Amino acid sequence: MLETLKQRIQKLIALYETEKAERVKLRMELEKDSSVDIHIQFDSDGEWHQVETLVTTKKRSFQIPILPRRSDHFRLRFTGVGQWRLYSLVRESYTGSEYP
């Protein structure tokens, strides 16, 4: 059975309305005597919100979970001193309820 355009749009709207907040996971490594500030911006509104500050006196890895608020899009900004590497950035999202 073919869907009408109106039915398809209604399904997409319902899917969007049930989509839950995404989670972003970062995995980073900082070299000795390094620091990194992580900021997030929502919907290009020009306002940066600090998420985390990482400081280390020895080489160390970090896993940072970020729970962004609901928005059309977001941007991450990294600033700091010393050397660091971003090994992975994973974005998770899901639809429906987390609870049965």
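**Strand order and surface in a predicted model**

Student: How many helices and strands is that?
Tutor: One helix and six strands.

Student: Which strands form the open sheet, and in what order?
Tutor: Three strands make up the open sheet, in the order S4-S1-S6. Their pairing is antiparallel.

Student: Why is one side of S4 and of S6 left without a neighbour in the sheet?
Tutor: Strand S4 (60-66) and strand S6 (84-92) stand at the edges. Each has a single partner strand, so one side of each has no neighbour in the sheet.

Student: How many degrees are neighbouring strands turned against each other?
Tutor: In this sheet it is 15° on average, with direction ignored.

Student: Back to S1 and S4. How many bridges join them?
Tutor: Seven. Strand S1 covers residues 23-30, and S1 and S4 run antiparallel.

Student: Which residue in S4 is the bridge partner of Lys25?
Tutor: Pro65.

Student: New topic, contacts. Of those between residues at least 6 apart in sequence, what share joins residues at least 24 apart?
Tutor: That share is 75% for this chain.

Student: And burial? What percentage of the residues is buried?
Tutor: Buried residues account for 20% of the 100 residues in the chain. "Buried" here means under 20% relative accessible area.

Student: What does the accessible surface come to, and how much belongs to carbon and sulfur?
Tutor: The chain has about 7,600 Å² of accessible surface. Carbon and sulfur atoms hold 51% of that.

Definitions and conventions
Residues numbered from 1 in each chain as written. Predicted model: local features only at pLDDT ≥ 70, side-chain atom pairs only at ≥ 80, totals over all residues. Heavy atoms only, no water. Helix = DSSP H or I, 4+ residues; strand = E, 2+ residues; numbered from the N terminus. Buried < 20%, exposed > 50% of the residue type's maximum accessible area, 1.4 Å probe, protein only. Contact = heavy atoms within 4.5 Å. Areas by Shrake-Rupley, 256 points an atom, 1.4 Å probe, with all protein chains shown as cover. Pairing = 2+ DSSP bridges. Axes fitted to C-alpha atoms, helices over the stretch in contact; angles between N-to-C directions.
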